[in-house]
Amino acid sequence: FRIMAGKVKWVTDIEKSVLINNFEKRGWIQVAENEDWNFYWMSVQTIRNVFSVEAGYRLSDDQIVNHFPNHYELTRKDLMVKNIKRYRKELEKEGSPLAEKDENGKYIYLDFVPVTFMLPADYNLFVEEFRKNPSSTWIMKPCGKAQGKGIFLINKLSQIKKWSRDSKTSSFVSQSSKEAYVISLYINNPLLIGGKKFDLRLYVLVSTYRPLRCYMYKLGFCRFCTVKYTPSTSELDNMFVHLTNVAIQKHGDDYNHIHGGKWTVSNLRLYLESTRGKEVTNKLFDEIHWIIVQSLKAVAPVMNNDKHCFECYGYDIIIDDKLKPWLIEVNASPSLTSSTANDRILKYNLINDTLNIAVPNGEIPDCKWNKSPPKEVLGNYEVLYDEEMAQSDGTERDLRSRPGQSTGVKGSRARDSGKPVLTTWK
(Lines give C-alpha, C1' and ligand atoms only; values in the text may rest on other atoms or scores of the structure.)
Protein backbone atom coordinates (compact mmCIF):
# COMPACT_ATOMS: atom_id res chain seq x y z
CA PHE A 1 0.00 0.00 0.00
CA ARG A 2 1.30 3.45 -0.83
CA ILE A 3 -0.22 6.88 -0.47
CA MET A 4 -0.40 8.84 -3.71
CA ALA A 5 2.19 11.63 -3.51
CA GLY A 6 1.39 12.04 0.19
CA LYS A 7 -1.94 13.60 -0.74
CA VAL A 8 -4.19 11.36 1.33
CA LYS A 9 -5.58 13.49 4.14
CA TRP A 10 -6.26 11.64 7.39
CA VAL A 11 -8.84 13.60 9.35
CA THR A 12 -7.69 12.33 12.75
CA ASP A 13 -5.14 9.91 14.15
CA ILE A 14 -7.99 7.62 15.22
CA GLU A 15 -9.31 7.41 11.69
CA LYS A 16 -5.80 6.74 10.42
CA SER A 17 -5.19 3.97 12.96
CA VAL A 18 -8.50 2.23 12.21
CA LEU A 19 -7.78 2.29 8.48
CA ILE A 20 -4.15 1.22 8.86
CA ASN A 21 -5.21 -1.70 11.10
CA ASN A 22 -7.55 -2.87 8.37
CA PHE A 23 -4.89 -2.47 5.69
CA GLU A 24 -2.39 -4.45 7.78
CA LYS A 25 -4.94 -7.20 8.28
CA ARG A 26 -5.02 -7.67 4.51
CA GLY A 27 -1.24 -7.60 4.20
CA TRP A 28 -1.45 -4.36 2.22
CA ILE A 29 1.01 -2.46 4.39
CA GLN A 30 3.58 -5.21 3.95
CA VAL A 31 3.61 -4.65 0.19
CA ALA A 32 4.52 -0.99 0.60
CA GLU A 33 7.53 -1.39 -1.69
CA ASN A 34 5.47 -3.06 -4.39
CA GLU A 35 4.00 -0.30 -6.55
CA ASP A 36 2.13 -2.62 -8.89
CA TRP A 37 -1.23 -1.80 -7.33
CA ASN A 38 -2.77 0.76 -5.04
CA PHE A 39 -5.83 1.26 -2.89
CA TYR A 40 -6.39 4.94 -2.11
CA TRP A 41 -8.44 6.21 0.81
CA MET A 42 -8.74 9.87 -0.08
CA SER A 43 -10.41 13.07 1.07
CA VAL A 44 -13.06 14.55 -1.20
CA GLN A 45 -10.72 17.41 -2.14
CA THR A 46 -8.02 14.97 -3.22
CA ILE A 47 -10.56 13.16 -5.40
CA ARG A 48 -11.37 16.45 -7.13
CA ASN A 49 -7.68 16.96 -7.82
CA VAL A 50 -7.22 13.41 -9.12
CA PHE A 51 -10.13 13.66 -11.55
CA SER A 52 -9.62 17.27 -12.63
CA VAL A 53 -8.66 17.83 -16.27
CA GLU A 54 -5.69 19.98 -15.27
CA ALA A 55 -4.15 17.39 -12.94
CA GLY A 56 -3.63 14.86 -15.69
CA TYR A 57 -3.81 11.83 -13.34
CA ARG A 58 -4.90 8.57 -14.96
CA LEU A 59 -5.83 5.63 -12.77
CA SER A 60 -4.80 2.18 -13.90
CA ASP A 61 -6.95 -0.95 -13.62
CA ASP A 62 -5.42 -1.90 -10.27
CA GLN A 63 -6.18 1.43 -8.60
CA ILE A 64 -9.37 1.92 -6.58
CA VAL A 65 -10.56 5.13 -4.85
CA ASN A 66 -13.25 5.72 -2.24
CA HIS A 67 -15.30 8.52 -3.88
CA PHE A 68 -17.02 9.09 -7.20
CA PRO A 69 -15.63 12.13 -9.07
CA ASN A 70 -18.81 14.21 -8.71
CA HIS A 71 -20.10 12.72 -5.46
CA TYR A 72 -21.25 16.23 -4.52
CA GLU A 73 -24.34 15.79 -6.74
CA LEU A 74 -25.73 13.86 -3.76
CA THR A 75 -23.70 15.16 -0.83
CA ARG A 76 -23.92 18.91 -1.37
CA LYS A 77 -27.18 20.03 0.23
CA ASP A 78 -28.41 22.24 -2.61
CA LEU A 79 -27.51 19.76 -5.36
CA MET A 80 -29.18 16.87 -3.56
CA VAL A 81 -32.48 18.80 -3.42
CA LYS A 82 -32.08 19.99 -7.03
CA ASN A 83 -31.53 16.42 -8.28
CA ILE A 84 -34.46 15.03 -6.31
CA LYS A 85 -36.74 17.78 -7.70
CA ARG A 86 -35.56 16.97 -11.23
CA TYR A 87 -36.16 13.27 -10.62
CA ARG A 88 -39.74 13.98 -9.51
CA LYS A 89 -40.44 16.06 -12.62
CA GLU A 90 -39.02 13.38 -14.92
CA LEU A 91 -41.24 10.74 -13.33
CA GLU A 92 -44.22 13.09 -13.69
CA LYS A 93 -43.51 13.53 -17.40
CA GLU A 94 -43.34 9.76 -17.79
CA GLY A 95 -46.74 9.48 -16.11
CA SER A 96 -45.24 7.31 -13.38
CA PRO A 97 -47.64 6.38 -10.53
CA LEU A 98 -44.71 7.10 -8.21
CA ALA A 99 -45.10 10.84 -8.97
CA GLU A 100 -48.78 10.84 -7.97
CA LYS A 101 -49.99 13.91 -6.06
CA ASP A 102 -52.86 14.50 -3.64
CA GLU A 103 -55.65 17.08 -4.02
CA ASN A 104 -53.34 19.80 -2.63
CA GLY A 105 -50.67 19.12 -5.25
CA LYS A 106 -48.37 17.38 -2.75
CA TYR A 107 -46.41 14.29 -3.75
CA ILE A 108 -47.87 11.21 -2.08
CA TYR A 109 -44.80 8.97 -2.35
CA LEU A 110 -41.93 11.34 -3.18
CA ASP A 111 -42.48 13.76 -0.31
CA PHE A 112 -39.44 12.72 1.73
CA VAL A 113 -37.35 15.92 1.70
CA PRO A 114 -38.55 18.98 3.68
CA VAL A 115 -39.63 21.99 1.56
CA THR A 116 -36.31 23.62 0.63
CA PHE A 117 -35.10 26.75 -1.18
CA MET A 118 -31.64 27.97 -2.20
CA LEU A 119 -30.59 31.41 -0.95
CA PRO A 120 -30.04 33.97 -2.23
CA ALA A 121 -31.28 32.62 -5.61
CA ASP A 122 -34.76 31.56 -4.43
CA TYR A 123 -35.34 34.39 -1.96
CA ASN A 124 -38.62 35.57 -3.54
CA LEU A 125 -39.99 32.04 -3.76
CA PHE A 126 -39.10 31.47 -0.12
CA VAL A 127 -40.84 34.69 0.98
CA GLU A 128 -43.97 33.60 -0.88
CA GLU A 129 -43.93 30.22 0.89
CA PHE A 130 -43.12 31.76 4.28
CA ARG A 131 -46.11 34.11 4.10
CA LYS A 132 -48.47 31.16 3.63
CA ASN A 133 -47.57 30.09 7.16
CA PRO A 134 -45.86 32.97 9.01
CA SER A 135 -45.67 31.02 12.28
CA SER A 136 -43.40 28.34 10.75
CA THR A 137 -39.78 27.74 11.71
CA TRP A 138 -37.05 27.28 9.09
CA ILE A 139 -33.49 26.00 9.31
CA MET A 140 -30.59 27.64 7.43
CA LYS A 141 -27.58 25.55 6.40
CA PRO A 142 -24.49 26.51 4.38
CA CYS A 143 -24.37 24.28 1.28
CA GLY A 144 -20.77 23.16 1.59
CA LYS A 145 -20.17 22.71 5.32
CA ALA A 146 -20.57 19.80 7.74
CA GLN A 147 -20.65 19.01 11.48
CA GLY A 148 -23.37 21.58 12.17
CA LYS A 149 -21.17 24.54 11.22
CA GLY A 150 -23.02 27.72 10.24
CA ILE A 151 -26.51 26.32 10.95
CA PHE A 152 -29.20 28.45 12.57
CA LEU A 153 -33.00 28.57 12.89
CA ILE A 154 -35.27 31.45 11.94
CA ASN A 155 -38.95 32.32 12.32
CA LYS A 156 -38.93 35.91 10.97
CA LEU A 157 -38.01 37.27 7.53
CA SER A 158 -36.02 40.05 9.18
CA GLN A 159 -33.53 37.40 10.37
CA ILE A 160 -32.33 36.73 6.83
CA LYS A 161 -32.08 40.27 5.47
CA LYS A 162 -28.55 39.42 4.42
CA TRP A 163 -30.01 37.28 1.62
CA SER A 164 -32.70 39.79 0.56
CA ARG A 165 -32.62 42.84 -1.69
CA ASP A 166 -29.82 45.34 -1.30
CA SER A 167 -31.65 48.41 0.08
CA LYS A 168 -29.33 50.90 -1.63
CA THR A 169 -29.50 49.55 -5.16
CA SER A 170 -32.89 47.84 -4.88
CA SER A 171 -31.41 44.88 -6.69
CA PHE A 172 -30.37 41.40 -5.62
CA VAL A 173 -27.01 41.15 -3.94
CA SER A 174 -24.60 39.29 -6.19
CA GLN A 175 -24.76 35.57 -5.46
CA SER A 176 -21.01 35.29 -5.64
CA SER A 177 -20.64 37.76 -2.76
CA LYS A 178 -22.85 35.68 -0.47
CA GLU A 179 -22.22 32.15 0.74
CA ALA A 180 -24.86 29.82 -0.71
CA TYR A 181 -27.32 28.47 1.84
CA VAL A 182 -30.29 26.15 1.76
CA ILE A 183 -33.31 27.02 3.87
CA SER A 184 -35.64 24.15 4.76
CA LEU A 185 -38.88 23.89 6.66
CA TYR A 186 -37.87 22.74 10.13
CA ILE A 187 -39.34 19.41 11.27
CA ASN A 188 -40.81 20.82 14.49
CA ASN A 189 -42.62 17.61 15.50
CA PRO A 190 -39.70 15.14 15.72
CA LEU A 191 -40.19 11.77 17.35
CA LEU A 192 -38.83 12.15 20.89
CA ILE A 193 -37.36 9.48 23.14
CA GLY A 194 -36.89 10.54 26.74
CA GLY A 195 -38.07 13.97 25.63
CA LYS A 196 -35.02 14.40 23.39
CA LYS A 197 -34.69 14.84 19.65
CA PHE A 198 -32.54 12.40 17.68
CA ASP A 199 -31.67 11.49 14.11
CA LEU A 200 -30.39 8.36 12.40
CA ARG A 201 -26.94 7.97 10.91
CA LEU A 202 -27.08 5.14 8.38
CA TYR A 203 -24.24 3.92 6.18
CA VAL A 204 -24.89 3.06 2.54
CA LEU A 205 -22.24 1.65 0.22
CA VAL A 206 -22.57 2.19 -3.55
CA SER A 207 -20.29 0.04 -5.67
CA THR A 208 -21.70 1.22 -9.02
CA TYR A 209 -24.37 3.66 -10.22
CA ARG A 210 -25.00 2.17 -13.65
CA PRO A 211 -26.30 -0.39 -12.99
CA LEU A 212 -27.14 0.81 -9.47
CA ARG A 213 -25.92 -1.54 -6.77
CA CYS A 214 -26.04 -0.45 -3.14
CA TYR A 215 -25.73 -1.99 0.30
CA MET A 216 -27.19 -0.98 3.67
CA TYR A 217 -25.04 -1.32 6.79
CA LYS A 218 -26.99 -2.96 9.61
CA LEU A 219 -25.07 -1.26 12.41
CA GLY A 220 -26.22 2.34 12.12
CA PHE A 221 -27.02 4.44 15.17
CA CYS A 222 -29.20 7.22 16.58
CA ARG A 223 -27.61 10.51 17.72
CA PHE A 224 -29.40 12.24 20.57
CA CYS A 225 -29.45 15.85 21.67
CA THR A 226 -28.30 16.44 25.25
CA VAL A 227 -31.11 18.87 26.13
CA LYS A 228 -34.83 18.05 26.04
CA TYR A 229 -36.66 19.27 22.96
CA THR A 230 -39.03 22.22 22.98
CA PRO A 231 -40.56 23.97 19.96
CA SER A 232 -40.54 27.21 21.97
CA THR A 233 -39.27 30.17 19.92
CA SER A 234 -37.22 31.26 22.93
CA GLU A 235 -34.97 28.22 22.40
CA LEU A 236 -34.33 28.66 18.67
CA ASP A 237 -30.73 29.65 19.35
CA ASN A 238 -30.01 26.67 21.60
CA MET A 239 -28.29 24.19 19.28
CA PHE A 240 -28.11 21.58 22.07
CA VAL A 241 -31.90 21.31 21.68
CA HIS A 242 -32.05 21.22 17.88
CA LEU A 243 -28.85 19.83 16.31
CA THR A 244 -27.88 16.18 16.83
CA ASN A 245 -24.34 16.50 15.41
CA VAL A 246 -21.80 15.03 17.84
CA ALA A 247 -19.45 17.91 16.91
CA ILE A 248 -22.03 20.21 18.55
CA GLN A 249 -23.37 18.02 21.38
CA LYS A 250 -19.96 17.02 22.78
CA HIS A 251 -19.52 20.60 24.02
CA GLY A 252 -22.73 20.46 26.08
CA ASP A 253 -22.68 20.19 29.88
CA ASP A 254 -24.87 17.08 29.78
CA TYR A 255 -22.87 15.18 27.16
CA ASN A 256 -22.12 11.61 28.28
CA HIS A 257 -18.65 10.50 27.18
CA ILE A 258 -19.39 6.82 27.88
CA HIS A 259 -22.31 6.29 25.49
CA GLY A 260 -21.80 9.51 23.52
CA GLY A 261 -25.54 10.14 23.29
CA LYS A 262 -25.84 7.26 20.83
CA TRP A 263 -28.19 4.33 20.48
CA THR A 264 -27.92 1.45 18.04
CA VAL A 265 -30.52 1.12 15.30
CA SER A 266 -31.40 -2.32 16.68
CA ASN A 267 -32.24 -0.69 20.04
CA LEU A 268 -34.42 1.86 18.27
CA ARG A 269 -36.21 -0.92 16.44
CA LEU A 270 -36.85 -2.79 19.71
CA TYR A 271 -38.13 0.40 21.35
CA LEU A 272 -40.51 1.16 18.48
CA GLU A 273 -41.75 -2.42 18.26
CA SER A 274 -42.59 -2.36 21.96
CA THR A 275 -44.24 1.08 21.92
CA ARG A 276 -45.78 1.30 18.44
CA GLY A 277 -45.97 -2.31 17.26
CA LYS A 278 -43.98 -4.51 14.91
CA GLU A 279 -45.99 -3.83 11.75
CA VAL A 280 -45.67 -0.04 12.05
CA THR A 281 -41.94 -0.38 12.80
CA ASN A 282 -41.36 -2.61 9.75
CA LYS A 283 -43.22 -0.10 7.59
CA LEU A 284 -41.02 2.75 8.90
CA PHE A 285 -37.79 0.92 8.07
CA ASP A 286 -39.14 -0.12 4.67
CA GLU A 287 -39.82 3.56 3.95
CA ILE A 288 -36.34 4.59 5.12
CA HIS A 289 -34.78 2.05 2.74
CA TRP A 290 -37.09 3.19 -0.04
CA ILE A 291 -36.07 6.86 0.48
CA ILE A 292 -32.40 5.91 0.22
CA VAL A 293 -32.88 3.97 -3.02
CA GLN A 294 -34.93 6.80 -4.57
CA SER A 295 -32.29 9.39 -3.63
CA LEU A 296 -29.61 7.26 -5.31
CA LYS A 297 -31.79 6.79 -8.40
CA ALA A 298 -32.27 10.57 -8.50
CA VAL A 299 -28.53 11.20 -8.90
CA ALA A 300 -27.58 8.07 -10.88
CA PRO A 301 -28.11 9.67 -14.33
CA VAL A 302 -25.79 12.61 -13.56
CA MET A 303 -23.18 10.70 -11.56
CA ASN A 304 -19.82 10.06 -13.21
CA ASN A 305 -19.85 6.30 -12.78
CA ASP A 306 -16.09 5.79 -12.92
CA LYS A 307 -15.15 2.11 -12.74
CA HIS A 308 -12.34 2.83 -10.24
CA CYS A 309 -14.75 4.22 -7.64
CA PHE A 310 -16.96 3.15 -4.78
CA GLU A 311 -18.47 5.25 -2.01
CA CYS A 312 -19.68 4.82 1.56
CA TYR A 313 -22.27 7.53 2.32
CA GLY A 314 -23.53 8.67 5.71
CA TYR A 315 -27.29 9.23 5.48
CA ASP A 316 -28.99 11.48 8.06
CA ILE A 317 -32.68 10.67 8.58
CA ILE A 318 -35.14 12.30 11.00
CA ILE A 319 -38.36 10.57 12.04
CA ASP A 320 -41.34 12.74 12.99
CA ASP A 321 -43.95 11.91 15.65
CA LYS A 322 -46.18 10.35 12.98
CA LEU A 323 -43.34 7.93 12.18
CA LYS A 324 -42.70 9.52 8.80
CA PRO A 325 -38.98 9.50 7.87
CA TRP A 326 -37.38 12.59 6.28
CA LEU A 327 -34.08 12.69 4.38
CA ILE A 328 -32.07 15.58 5.84
CA GLU A 329 -28.71 15.22 4.10
CA VAL A 330 -26.12 12.76 2.79
CA ASN A 331 -22.47 12.93 3.84
CA ALA A 332 -19.60 12.09 1.49
CA SER A 333 -17.12 11.56 4.31
CA PRO A 334 -19.04 10.29 7.35
CA SER A 335 -16.82 10.55 10.39
CA LEU A 336 -14.71 7.49 11.14
CA THR A 337 -13.57 9.05 14.40
CA SER A 338 -14.73 7.10 17.45
CA SER A 339 -16.08 9.02 20.44
CA THR A 340 -16.80 5.87 22.50
CA ALA A 341 -15.59 2.26 22.75
CA ASN A 342 -18.71 0.99 20.93
CA ASP A 343 -18.14 3.62 18.27
CA ARG A 344 -14.65 2.36 17.60
CA ILE A 345 -15.84 -1.24 17.23
CA LEU A 346 -18.63 -0.16 14.87
CA LYS A 347 -16.38 1.94 12.67
CA TYR A 348 -13.62 -0.64 12.58
CA ASN A 349 -16.18 -3.18 11.36
CA LEU A 350 -17.63 -0.64 8.92
CA ILE A 351 -14.24 -0.09 7.29
CA ASN A 352 -13.48 -3.80 7.34
CA ASP A 353 -16.77 -4.75 5.65
CA THR A 354 -16.52 -1.87 3.17
CA LEU A 355 -13.05 -2.95 2.06
CA ASN A 356 -14.19 -6.57 1.76
CA ILE A 357 -16.81 -5.49 -0.77
CA ALA A 358 -14.62 -2.92 -2.56
CA VAL A 359 -11.68 -5.34 -2.78
CA PRO A 360 -12.99 -8.90 -2.19
CA ASN A 361 -10.68 -11.24 -0.27
CA GLY A 362 -8.09 -8.47 0.03
CA GLU A 363 -6.74 -9.43 -3.37
CA ILE A 364 -5.10 -7.12 -5.88
CA PRO A 365 -7.81 -4.63 -6.91
CA ASP A 366 -9.23 -4.84 -10.40
CA CYS A 367 -11.69 -2.19 -11.48
CA LYS A 368 -12.93 -4.49 -14.27
CA TRP A 369 -14.49 -7.07 -11.94
CA ASN A 370 -18.29 -7.18 -11.97
CA LYS A 371 -18.57 -5.60 -8.49
CA SER A 372 -20.98 -8.25 -7.28
CA PRO A 373 -19.16 -9.87 -4.33
CA PRO A 374 -20.15 -13.25 -2.91
CA LYS A 375 -22.67 -13.16 -0.06
CA GLU A 376 -20.13 -14.46 2.47
CA VAL A 377 -17.96 -11.32 2.26
CA LEU A 378 -20.80 -8.83 2.96
CA GLY A 379 -20.31 -8.92 6.74
CA ASN A 380 -22.78 -6.49 8.29
CA TYR A 381 -23.86 -5.16 4.90
CA GLU A 382 -26.96 -6.41 3.14
CA VAL A 383 -27.95 -5.80 -0.46
CA LEU A 384 -30.35 -2.87 -0.52
CA TYR A 385 -30.89 -2.66 -4.27
CA ASP A 386 -29.41 -4.45 -7.26
CA GLU A 387 -30.71 -2.95 -10.49
CA GLU A 388 -29.10 -5.58 -12.70
CA MET A 389 -30.60 -8.47 -10.76
CA ALA A 390 -33.99 -6.76 -10.64
CA GLN A 391 -34.01 -6.30 -14.40
CA SER A 392 -32.75 -9.80 -15.19
CA ASP A 393 -35.44 -11.27 -12.93
CA GLY A 394 -38.05 -9.15 -14.68
CA THR A 395 -39.13 -7.84 -11.29
CA GLU A 396 -38.25 -4.14 -11.57
CA ARG A 397 -41.38 -2.71 -9.99
CA ASP A 398 -40.22 0.28 -8.03
CA LEU A 399 -42.29 2.66 -10.19
CA ARG A 400 -45.48 0.69 -9.81
CA SER A 401 -46.03 0.11 -6.11
CA ARG A 402 -46.35 1.99 -2.88
CA PRO A 403 -43.60 2.68 -0.35
CA GLY A 404 -43.84 0.57 2.77
CA GLN A 405 -44.85 -2.52 0.79
CA SER A 406 -41.43 -3.58 -0.38
CA THR A 407 -40.08 -7.06 -0.81
CA GLY A 408 -37.41 -6.02 1.66
CA VAL A 409 -33.75 -6.94 1.48
CA LYS A 410 -32.22 -10.17 0.39
CA GLY A 411 -32.67 -12.87 2.97
CA SER A 412 -35.53 -11.07 4.72
CA ARG A 413 -38.88 -12.81 4.86
CA ALA A 414 -42.14 -11.93 3.21
CA ARG A 415 -44.49 -10.95 5.99
CA ASP A 416 -47.21 -13.50 5.27
CA SER A 417 -45.62 -16.35 3.35
CA GLY A 418 -42.56 -16.78 5.57
CA LYS A 419 -40.48 -17.42 2.44
CA PRO A 420 -37.20 -15.63 1.66
CA VAL A 421 -37.51 -12.94 -1.00
CA LEU A 422 -35.00 -11.30 -3.34
CA THR A 423 -33.88 -7.70 -3.31
CA THR A 424 -35.88 -6.28 -6.16
CA TRP A 425 -37.22 -3.17 -4.49
CA LYS A 426 -40.88 -2.52 -5.10
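Mentor: Before we start, helices are DSSP runs of H or I with at least four residues, numbered from the N terminus. The model here is predicted.

Trainee: How many salt bridges does a search of the whole structure find?
Mentor: Side chains of opposite charge can pair when their charged atoms come close. Searching the whole structure for such bridges gives a total of 17.

Trainee: How many residues apart in sequence are the parts that Asp-199 and Arg-223 tie together?
Mentor: Asp-199 and Arg-223 form a salt bridge, with their closest N and O atoms 2.7 Å apart. Asp-199 belongs to strand β10 and Arg-223 to strand β12, so the pair links parts whose separation in sequence, in residues, is 24.

Trainee: Is Arg-223 buried or exposed?
Mentor: Buried means under 20% relative accessible area. The relative accessibility of Arg-223 is 8%, so Arg-223 counts as buried.

Trainee: Which strand holds Asp-316?
Mentor: Asp-316 meets Arg-201 in a salt bridge, 2.8 Å from N to O. Arg-201 lies in strand β10, and the pair ties together parts 115 residues apart in sequence, because Asp-316 lies in strand β14.

Trainee: Which helix holds both Arg-269 and Glu-273?
Mentor: Arg-269 forms a salt bridge with Glu-273, at 4.0 Å between the closest N and O atoms. The two are 4 residues apart, about one turn, and both lie in helix α8.

Trainee: Which residues do salt bridges with shared partners join into one network?
Mentor: Arg-269 is partly exposed at 27%, and Glu-273 is partly exposed at 24%. The network formed through shared partners joins Asp-199, Arg-201, Arg-223 and Asp-316.

Methods:
Residues numbered from 1 in each chain as written. Predicted model: local features only at pLDDT ≥ 70, side-chain atom pairs only at ≥ 80, totals over all residues. Heavy atoms only, no water. Salt bridge = Lys/Arg side-chain N within 4 Å of Asp/Glu carboxyl O. Buried < 20%, exposed > 50% of the residue type's maximum accessible area, 1.4 Å probe, protein only.
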